[in-house]
Amino acid sequence: LIHNFRPKYIIMTGIAAGIKGKTNFGDILVADQSYDGTSGKITTNEKSEKEFSPNPTPIALDADLKEKIRSYQSKTKLFFDIKELWKGNSPNTSIKLQIGPVVSVPYVIQNQEELLNLKDSQRKLIGLEMETFGVFYSAFNGFNPKPTPLSIKVVCDFGDKDKSDDYQKFAAFVSARFMYEFVMNEL
């Protein structure tokens, strides 16, 4: 895609698990950095138990793009209007825009302990998903001219035992709609 079309931007939309206590259902998560949550070393401790020693290498969001995104955090009417456009099942929370670190892993997590382990390597973590690091990595390591990556995901669960598909379609819609509004007005 980068090689054939030479895009100026690559934008990833979709769904994510939020960090309970930091996010709510429907919150828009913009990754100001992304890293591979499986990067590290597996060792054996003194008790012959397997241990994982993380080695996250984050890739940061472009600073100018981050400032443009940040200007949307106070646009509560826009978020209200986006939620009103959705006619299906939706959470009873208001949509908020959050900017922070998002970790990518190649598997679905439905275990609070595993999510907390990922949070241990990044105390400001706001979300977990599966694709953002790959998009950021491809953009930064692809062909010139390098495109600017952006990840816009929406919280549909918290990666715990209560994980369900109830808000996945809503989250996907909000993510795509916010991207549309941002692109049309800023890019």
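## Exercises on a predicted model

The axes of H3 and H6 come within 10 Å and cross at roughly 130°. The model is predicted.

**Exercise 1.** Are H3 and H6 oblique or roughly parallel to each other?

*Solution.*
- Two packed helices are described by the angle between their axes and the distance between the axes.
- Start with the angle: the axes of H3 and H6 cross at roughly 130°.
- Next, the cut-offs: under 35 degrees is roughly parallel, 65 to 115 roughly perpendicular, over 145 roughly antiparallel, and the rest oblique.
- H3 and H6 are therefore oblique to each other.
- The crossing of H3 past H6 is right-handed.

**Exercise 2.** Which residues of H3 and H6 meet?

*Solution.*
- From H3, take Leu78, Phe79, Ile82, Lys83 and Leu85.
- Their partners in H6 are Phe170, Phe173, Val174, Arg177, Phe178 and Glu181.
- Now sort the residues of this contact: eight are nonpolar, none is polar and three are charged.

**Exercise 3.** Which element gives the largest share of the largest nonpolar core?

*Solution.*
- This core has 22 residues.
- Ile28, Val30, Ile69, Leu97, Leu150 and Phe178 touch the most other members.
- Elements giving two or more residues include strand S2 (28-36), helix H3 (76-85) and helix H6 (168-186).
- H6 gives the largest share, five residues.
- Look at Phe178: leaving out residues up to four places away in sequence, its contacts include Ile28, Ile69, Leu97 and Ile152.

**Exercise 4.** Is Thr132 buried or exposed?

*Solution.*
- Find Thr132 in helix H5 (residues 132-141).
- Its relative accessibility is 0%, so Thr132 counts as buried.
- Beyond four places in sequence, Thr132 is in contact with Met12, Ala31, Ser34, Ser104, Ser151 and Lys153.

Note on methods: Residues numbered from 1 in each chain as written. Predicted model: local features only at pLDDT ≥ 70, side-chain atom pairs only at ≥ 80, totals over all residues. Heavy atoms only, no water. Helix = DSSP H or I, 4+ residues; strand = E, 2+ residues; numbered from the N terminus. Buried < 20%, exposed > 50% of the residue type's maximum accessible area, 1.4 Å probe, protein only. Contact = heavy atoms within 4.5 Å. Core = buried A, V, L, I, M, F, W, Y, C linked by side-chain atoms within 4.5 Å. Axes fitted to C-alpha atoms, helices over the stretch in contact; angles between N-to-C directions. Left-handed = near helix turned anticlockwise from the far one by under 90°. Nonpolar A, V, L, I, M, F, W, Y, C, P; charged D, E, K, R; others polar.
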